[in-house]
Amino acid sequence: MAMATTVHPCSTSSTCAAGVSPSSHSTTLSFSSLAPTRRYPSSFPNRRTPILSLCSPLQANAVSSRTSEALVDVAAFKAKAPLETDPIRLWHRYLDWVYQHKGLGLSVDVSRIGLSDEFVSEMEAKFSKAFSDMAELEGGAISNPDEKRMVGHYWLRKPELAPTAFLKKQIEDTLERLSVFAADVVSGKIKPPPCPAERFTQVLSVGIGGSALGPQFVAEALAPDNPPLKIRFIDNTDPAGIDHQIAQLGPELSSTLIIVISKSGGTPETRNGLLEVQKAFREKGLDFSKQGVAITQENSLLDNTARIEGWLARFPMFDWVGGRTSEMSAVGLLPAALQGIDIKEMLTGAAIMDEATRVRSIKQNPAALLALCWYWASDGVGSKDMVVLPYKDSLLLFSRYLQQLVMESLGKEFDLAGNVVNQGLSVYGNKGSTDQHAYIQQLREGVPNFFATFIEVLRDRPPGHDWELEPGVTCGDYLFGMLQGTRSALYANKRESITVTIEEVTPRLVGALIALYERAVGLYASVININAYHQPGVEAGKKAAAEVLALQKRVLAVLNDASCKDPVEALTLEKIAERCHSTQQIEMIYKIISHMASNDRLIIAEGLCGSPKSMEIFTGECNVEALYE
Ligand SMILES: O=P(O)(O)OC[C@H]1O[C@](O)(CO)[C@@H](O)[C@@H]1O
């Protein structure tokens with residue numbers, strides 16, 4: 001079955017010495033389960049070259065032609081209202097600014113951000129527009145203008161909001177179908193092919209970015225200690241990482257449900273993960289199709305592969321749901337349900353939060369409050385980073401999840417009017433109090449280039465399990481003390497913070513947290529006038545990577561050609577670059593050769609640690625077939 005498609009055409013029109021045109025070497029992706037053939041014998045000499053340092057980081061564009069007239073001058077407001085320090089006035093400030101959702105058991109405290117009512121008034125017009133934009137988006141407007149797409153993740157938790165009956169039914173049917181499928185897998189009604197296990201015991205999820213981060217966060221936050229199926233993730237094209245996941249499954253591979261998640265259905269890392277897993281299945285004599293599930297857009301490469309190969313199940317990803325907002329679609333719900341997580345509760349929590357964040361008043365709307373704080377703290381241009389510190393181990397991955405949601409959505413070169421704005425908001429963080437013993441020193445005393453977001457969880461342990469490790473004090477009291485202490489210590493040194501408090505880590509509150517930040521990002525994007533729903537910047541790296549692979553193929557062809565001569569011709573870097581008509585690419589050719597030699601796929605004649613200036617390279621064997629490709 002040929003399921004190949006050309007993804008990135010080769011950018012150069014030159015023809016290399018081996019008579020192979022670059023265009024015929026353009027990178028193609030295929031979800032075919034046929035393993036790529038190995039061109040070098042395993043007896044190939046084990047030569048090593050030095051590990052190379054990475055290129056110097058790209059310099060940030062220091063000067064931008066930002067259209068400052070659209071910005072509110074936050075600095076002027078900050079100058080007028082220095083941070084409050086009097087404890088009683090701070091208490092009243094807390095009472096004045098805290099947002100509480102009693103039904104959900106969630107509050108958002110922005111009292112330690114220096115906002116003033118005057119600033120809120122100044123921002124009213126921008127937020128009024130943002131509320132209207134959001135209403136239009138929820139009504140089905142094309143809110144992702146350059147991709148001409150609707151943005152409908154809010155409909156996933158309230159299908160009756162979907163703009164057409166067809167979409168509503170699609171959402172409901174998918175939810176029903178995946179719930180039944182998950183229940184059948186958990187109960188053992190749907191079984192792996194005959195093997196020692198009577199039912200599926202593990203899930204291996206293959207996906208990257210938005211097709212991994214939500215499921216990873218939710219698994220860490222909500223999976224019970226002994227889930228019906230345990231979950232693992234392959235979220236990279238790192239061969240050693242993939243090997244590790246497969247090795248960890250060991251004999252349980254035969255009772256592992258493989259879920260391959262990719263909205264586009266053509267992401268190279270995911271395709272590679274799948275091919276590696278399929279190879280492991282073949283090696284163990286297992287039938288992948290009986291254990292494979294695809295979550296992808298209808299008719300994508302992955303969807304077609306799964307259909308043609310007859311995989312166990314396929315679930316749709318909708319065109320109008322972006323990867324980073326897909327946790328409440330099949331992407332997040334199927335893995336969660338298989339781990340015994342109450343997905344209806346996640347959806348309910350998100351729906352309640354959606355309701356709360358539709359309110360058209362900044363102070364009564366927790367997502368608007370967050371967006372307002374982001375604007376204040378980072379001067380509306382991302383001048384400060386957001387450090388996210390959940391004080392709860394199970395929320396460790398929330399900061400990583402938010403990193404994509406916020407940075408891929410807000411980090412944009414152009415605004416909606418086409419002005420260069422280089423917008424964004426950097427997010428990092430792990431968890432407290434662990435991070436207090438890592439980088440909080442700098443946050444407290446070093447460069448003041450951030451604001452913090454504390455995530456506080458009131459319930460320390462399930463009821464009935466607590467005990468006092470010293471008179472009157474529990475382990476959880478320490479965690480609480482660490483959070484409060486850090487919040488106070490930072491503020492005392494003029495470091496601002498937001499605190500989001502939830503009663504406990506439940507499916508409902510995790511759903512609500514996701515919805516809270518999705519809406520905050522959407523509102524903030526409108527306020528700063530950028531498209532939050534596309535990611536054009538990611539394409540440049542993908543395209544460049546494809547060009548590197550295309551160049552590698554040309555280099556190999558040239559080297560093979562030389563190695564087939566009698567006597568074998570070893571080539572210098574300059575010769576290779578010349579024969580590939582890629583003299584400008586000599587540095588990349590050096591890196592390609594060093595990488596391949598480190599993996600025993602080429603030989604550097606002068607041996608280990610070949611010097612770039614004098615090294616001579618050959619393949620070690622002549623691949624006659626390749627000469628005529
Ligand atoms: O689900 P896909 O199409 O494989 O994409 C994975 C991720 O790659 C990106 O497109 C960025 O490259 C993300 O937006 C997305 O979540």
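Q: Which residues of helix 12 are buried?
A: In this predicted model, the buried residues of helix 12 are Phe-398, Ser-399, Tyr-401, Leu-402, Gln-404, Leu-405, Val-406, Ser-409 and Leu-410. Each of them is called buried because its relative accessible area is under 20%.

Q: What do the buried residues of helix 12 pack against?
A: Their partners are helix 5, helix 11 (366–377), strand 12 (385–390), strand 13 (427–428), strand 14 (450–457) and helix 15.

Q: How do you know what span to expect for helix 12?
A: Helix 12 covers residues 398–410, which is 13 residues.

Q: What makes the contact between helix 5 and helix 15 a nonpolar one or a charged one?
A: Let's look at who takes part: Phe-217, Val-218, Ala-221 and Leu-222 in helix 5 meet Pro-507, Val-510 and Ile-514 in helix 15. Phe, Val, Ala, Leu, Pro and Ile count as nonpolar, so the contact divides into seven nonpolar, no polar and no charged residues.

Q: How do helix 5 and helix 15 cross?
A: The axes of helix 5 (residues 213–222) and helix 15 (residues 507–527) come within 11 Å and cross at roughly 145°. The crossing is right-handed.

Q: Which residues touch the most other members of the largest nonpolar core?
A: That core has 117 residues, and the ones touching the most other members are Phe-119, Phe-217, Leu-334, Trp-374, Ile-498 and Tyr-517. Helix 15 gives the most to this core, with 14 residues. There is also a second, separate core of 21 residues, including Val-558, Ala-597, Met-615 and Ile-617.

Q: What does Trp-374 touch?
A: Leaving out residues up to four places away in sequence, Trp-374 touches Asp-379, Met-386, Val-406, Leu-410, Leu-425, Phe-451, Ile-498, Tyr-517, Ala-520, Val-521 and Tyr-524.

Q: What makes the phi of Asn-529 worth a look?
A: Most residues other than glycine have a negative phi. Asn-529 is not a glycine, yet its phi is positive, about 60°. Asn-529 is found in the loop between helix 15 and helix 16, and with a relative accessible area of 25% it is partly exposed.

Q: Where are cis peptide bonds found?
A: One joins Gly-432 and Ser-433, with omega about 0°. Another joins Asp-566 and Pro-567, with omega about 5°. Ser-433 is in the loop between strand 13 and helix 13 (440–445), while Pro-567 is in the loop between helix 16 and strand 18 (571–572).

Notes
Residues numbered from 1 in each chain as written. Predicted model: local features only at pLDDT ≥ 70, side-chain atom pairs only at ≥ 80, totals over all residues. Heavy atoms only, no water. Axes fitted to C-alpha atoms, helices over the stretch in contact; angles between N-to-C directions. Helix = DSSP H or I, 4+ residues; strand = E, 2+ residues; numbered from the N terminus. Left-handed = near helix turned anticlockwise from the far one by under 90°. Contact = heavy atoms within 4.5 Å. Core = buried A, V, L, I, M, F, W, Y, C linked by side-chain atoms within 4.5 Å. Buried < 20%, exposed > 50% of the residue type's maximum accessible area, 1.4 Å probe, protein only. Expected span 1.5 Å × (residues − 1).
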